[in-house]
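Biologist: I have a two-chain model open and want to learn how to read it. Can we go through it feature by feature?

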Amino acid sequence: MSQVAPAIEFRKVSKWFGDFRVLSEVDLKIGKGEKVVVCGPSGSGKSTLVRCINQLERHQQGDILLGGTTVAGNAAHIRGIRRRVGMVFQQFNLYPHMTALENCCVAQRLVAWRSRTEAEDVARAYLERVRIADKAGSYPHQLSGGQQQRVAIARALCMQSEVLLFDEPTSALDPEMIREVLDVMVTLAGDGLTMVCVTHEMGFARQVADKIVFMDHGRIVEEGAPSDFFRQQKTDRAREFLAQILH
Amino acid sequence: MSQFTTWGIVSTIIGKLPWTLCLSLIAFLGGAVVASLLTLLTTLGSRLADACVSMVIATIQSMPLLMLMFLCFFGLPLLQVNVSPLLAASVALIAFTAAFLTETWRAALKAVPRGQWEAAMASGMKHGDTLRVIVLPQAVRIATPGTVGFLVQVVKATALASIVGFMEITRAGTVLNNITYRPFLIFAIIGALYMAINLPISLLARRLERRFTFNN
């Protein structure tokens, strides 16, 4: 099995914003179907790490491989990579001028070249999946934050990509809506999708993650199974961080 | 001298109304076409193009519209280009309109949150598709009230064309006033005509504003 390429692999990846080094020599392997939770203090580079996978941010050194292919390249190559990677954002980023159903159909039509009926069937199936099928005809401003984020998850699922990235999916939500989004994510985790999730929700991490990655100052400081990570942190930095977010 | 009855004055002025409307339309549509091209130029991501567009806009906006008209009317003939008052006024008004609309539309494009671009691009959409299907429809909503509102400014600005001798309602008014010397009647009629054109436009702009801000 050692010949099977990991779903995602970082090889000595570095990135700078001007003089500031956001990622330094990051090495990381994520297996097919693995659920990885990335955590760390703000400014530690965790969002950037995830955004480099689909090249919303370009890295300057090292290599990122998606199923064995390097993600860096020209615009057409990057579009091909993005076709294989779905993303859910902190601010949902639903298209405000489109209904939930239309939000789910645009990329299916323009990127996957599905017919209108096929796209709508797929969209309805995934809206059902995130338990919001009854809101298919609603516009984003008519939905609560939790509902919007679930539509955004359905939109990403519609592309049936290999990997799903979550960039702090519950950070912009009111506390009472976090649960409904996490519940959806937990059910997805049972599906064999590869998931990379930046989050501070340690309950979620404990429940679904195969691996926890703790970052600080652009480096991966700790990496391991949640059971180990929560029982015994190897670094002071991780210990302090956990103490802060758990209390 | 007074072969002009009151009715004669009114009908003479109204007779020139099509020219005011015509010049307004030329300015607005011409300006919109030029502004579309300039705005499109700024979406290509070239800094040079962006800077050039900014400079052109700044130049036009720093000049009084009247100077633009004089430049066209008196300047172009020096370059062996023959210009009628209509052409000079049109060119100046198109430049004036294009500068304002380009600025408005550019701002509207920038007002669409970056997350919209990111969501679309992250799903594998092309830059052009993202612009066309995701960003432009939102920018149009943002820009529409201001754009319609600006039409009022354009209609009023056509009055300046009277100075280079273009016979629209204001020019008709000054000529009639020189003959009959009935300024109150004449300019009240002209003012009422401008109001009749502009009031509905203003109301429409205000309604659009309310509608589009509610929906976001």
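Predicted model: local features only at pLDDT ≥ 70, side-chain atom pairs only at ≥ 80, totals over all residues.

Modeller: We start with a sheet in chain A. Four strands form an open sheet there, in the order 2-1-4-5. Their pairing is antiparallel.

Biologist: Which strands of chain A stand at the edges of that sheet?

Modeller: Strand 2 (20–30) and strand 5 (69–70) of chain A. Each has a single partner strand, so one side of each is left without a neighbour in the sheet.

Biologist: How many bridges link strand 1 and strand 4 of chain A?

Modeller: Strand 1 (residues 8–17) and strand 4 (residues 61–66) of chain A pair over 5 bridges, in the antiparallel sense. To see one on screen, pick A:F10. Its bridge partner in strand 4 of chain A is A:I64.

Biologist: Now strand 7 of chain A. Do its pairings run parallel or antiparallel?

Modeller: Parallel, with both strands we can check. Strand 6 (residues 85–88) of chain A is joined to strand 7 of chain A by 4 bridges, and the two run parallel. Strand 8 (residues 194–198) of chain A also runs parallel to strand 7 of chain A, joined by 5 bridges.

Biologist: How many residues of strand 7 of chain A are buried?

Modeller: 5 of its 5 residues are buried. Look at the two faces in turn. One side carries A:V163, A:L165 and A:D167. The other carries A:L164 and A:F166. Both faces are covered.

Biologist: Next, backbone angles. What should I expect for phi?

Modeller: Most residues other than glycine have a negative phi. Take A:E25. Its phi is positive, about 45°, although A:E25 is not a glycine.

Biologist: Where is A:E25 placed in chain A?

Modeller: In strand 2 of chain A. A:E25 counts as partly exposed, because 15 C-beta neighbours lie inside 10 Å.

Biologist: And what is the phi of A:Q160?

Modeller: Near 45°, again a positive value in a residue other than glycine. A:Q160 is found in the loop between helix 5 (145–157) and strand 7 (163–167) of chain A. With 14 other C-beta atoms within 10 Å, A:Q160 is partly exposed.

Biologist: Over to chain B. How many helices and strands does chain B have?

Modeller: Chain B has 9 helices and 0 strands. Read along the sequence, the pattern is α-α-α-α-α-α-α-α-α. The C-alpha atoms of chain B fill one of roughly 75 × 45 × 20 Å. Of the 216 residues in chain B, 35% are buried.

Biologist: How do I check whether a helix is straight?

Modeller: Compare its end-to-end span with that of a straight helix. A straight helix of 31 residues would span 45 Å, but helix 7 of chain B spans only 38 Å between its end C-alpha atoms.

Biologist: Where does the kink in helix 7 of chain B lie?

Modeller: At B:V135, shortly before the proline B:P137. The kink is about 45°.

Biologist: B:P145 also belongs to helix 7 of chain B. Is B:P145 buried or exposed?

Modeller: Buried, because B:P145 has 20 C-beta neighbours inside 10 Å. The cut-off for buried is 20 or more. Leaving aside neighbours within four places in sequence, B:P145 is in contact with B:A205, B:L208, B:E209 and B:F212. The C-alpha atoms of B:P145 and B:R207 are separated by 8.1 Å, though these residues are 62 apart along the chain.

Biologist: How many residues of each chain are in contact across the interface?

Modeller: 18 residues of chain A are in contact with 16 residues of chain B. On the side of chain A, helix 2 (75–83) and helix 3 (100–110) each give two or more residues. That side divides into 10 nonpolar, 5 polar and 3 charged residues.

Biologist: Last, what confidence does the predictor give?

Modeller: The complex has an ipTM of 0.93 and a pTM of 0.87. Chain B averages a pLDDT of 92, and 97% of its residues score at least 70. Within chain B, confidence is highest in helix 6 (residues 114–122), at 97, and lowest in helix 9 (residues 183–214), at a mean of 90.

How values were computed:
Residues numbered from 1 in each chain as written. Chains lettered and ligands numbered in written order. Pairing = 2+ DSSP bridges. Expected span 1.5 Å × (residues − 1). Bend = angle between axes of the 7 residues up to and from the residue. Contact = placed C-beta atoms within 7 Å. Nonpolar A, V, L, I, M, F, W, Y, C, P; charged D, E, K, R; others polar. Buried ≥ 20, exposed ≤ 12 C-beta atoms within 10 Å, placed from the backbone. pLDDT = per-residue confidence, 0-100.
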